[in-house]
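Good morning, and thank you for coming. Please look at the sequence and the structure on the screen while I speak.

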Amino acid sequence: MKLILLRHGQTQWNLVNKLQGWRDSSLTPQAKRQLSALSPALIKSDVIYSSDLGRAQSTARIIANISRTHIITDTRLRERCFGVLEGKQVLDNVSGGTFWHGYHQRYQAKMTSVPGVEKEQQFEQRINSWLSDITARHYGN
């Protein structure tokens with residue numbers, strides 16, 4: 001089995017530095033052009049697995065049209081949920097207060113100060129669950 005990981009194309013919220021998490025924003029026209037220009041040989045695939053979020057679905061649809069394959073949607077592939085910070089413009093540690101400080105330190109310490117944030121262990125469990133399932137499904141491919 002060969003696994004190729006792609007991030008969704010640039011979104012409108014990426015342009016204004018808004019945190020998405022489980023919220024959504026549409027792809028930019030530039031992202032659509034860039035994705036449409038990908039070489040079929042580069043993205044040859046038997047199946048595309050995608051998050052159920054709109055930005056991931058839009059990206060997957062463009063790639064599926066080029067590679068002539070199908071998409072399997074799975075909620076376990078969602079980005080980590082960032083609770084109350086979602087939909088807000090990313091601020092720095094100083095002006096953003098405790099919640100943004102927690103976000104910026106998320107790789108050094110757990111985000112316990114941010115209401116509604118998905119715990120790291122939950123995030124890791126759902127990604128590992130998906131990996132286990134596709135490994136079993138495609139074993140030997």
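Predicted model: local features only at pLDDT ≥ 70, side-chain atom pairs only at ≥ 80, totals over all residues.

Trp130 counts as buried, because its relative accessibility is 5% and the cut-off for a buried residue is under 20%.

Tyr49 belongs to strand 1, residues 47–50, and Trp130 to helix 5, so the pair ties together parts that are 81 residues apart in sequence. Tyr49 also counts as buried, because its relative accessibility is 18% and the limit is under 20%.

Phe82 and Tyr103 form an aromatic pair as well, again edge-to-face, with 5.3 Å from centre to centre and 80 degrees between the planes. Here too, distant parts of the chain are linked: Phe82 sits in the loop between strand 2 (70–73) and helix 4 (97–104), while Tyr103 is in helix 4, and the two are 21 residues apart. Phe82 and Tyr103 are both buried. For those new to such descriptions, a pair of aromatic rings is described by the distance of the centres and the angle of the planes.

Let us return to Tyr49 and consider a further partner. Which side chain is joined to that of Tyr49 by a polar contact of 2.5 Å? The partner is His138, found in the segment after helix 5, which covers residues 120–137. Is His138 buried or exposed? His138 counts as buried, because its relative accessibility is 17%. Leaving aside residues up to four places away in sequence, His138 touches Met1, Val47 and Tyr49.

Val47 leads us back to strand 1, where this residue lies. Val47 has a relative accessible area of 14% and is therefore buried. With residues up to four places away in sequence again set aside, Val47 touches Thr69, His70, Ile72 and His138. By contrast, 26 Å separates the C-alpha atom of Val47 from that of Gln122, a residue 75 positions away along the chain.

I now turn to a pocket. The second largest pocket has a volume of about 190 Å³. Which residues line the second largest pocket? They are Arg80, Lys110, Met111, Thr112, Val114, Val117, Lys119, Glu120 and Gln121. Sorted by class, this lining holds four charged, three nonpolar and two polar residues.

Finally, the whole protein. How many helices and strands are there? The protein has five helices and two strands, and along the sequence they follow the pattern α-α-β-α-β-α-α. The C-alpha trace spans about 45 × 35 × 20 Å along its principal axes. Of the 141 residues in the protein, 38% are buried. Among contacts with a separation of 6 or more, 59% are between residues 24 or more positions apart. The pair of Tyr49 and Trp130, 81 residues apart in sequence, is the example to keep in mind.

Thank you for your attention.

Conventions. Residues numbered from 1 in each chain as written. Heavy atoms only, no water. 1 Å grid on protein atoms, 1.4 Å probe; cavity = no way out; pocket = protein on both sides within 12 Å on 5 of 7 lines; lining within 4 Å. Points joined across faces, edges and corners; volume = space filled by probe spheres on them. Nonpolar A, V, L, I, M, F, W, Y, C, P; charged D, E, K, R; others polar. Helix = DSSP H or I, 4+ residues; strand = E, 2+ residues; numbered from the N terminus. Buried < 20%, exposed > 50% of the residue type's maximum accessible area, 1.4 Å probe, protein only. Polar contact = N/O pair within 3.5 Å; in protein donor to acceptor, adjacent residues only side chain to side chain. Contact = heavy atoms within 4.5 Å. Phe/Tyr/Trp six-rings, centres within 6.5 Å; stacked < 30°, edge-to-face > 60°.
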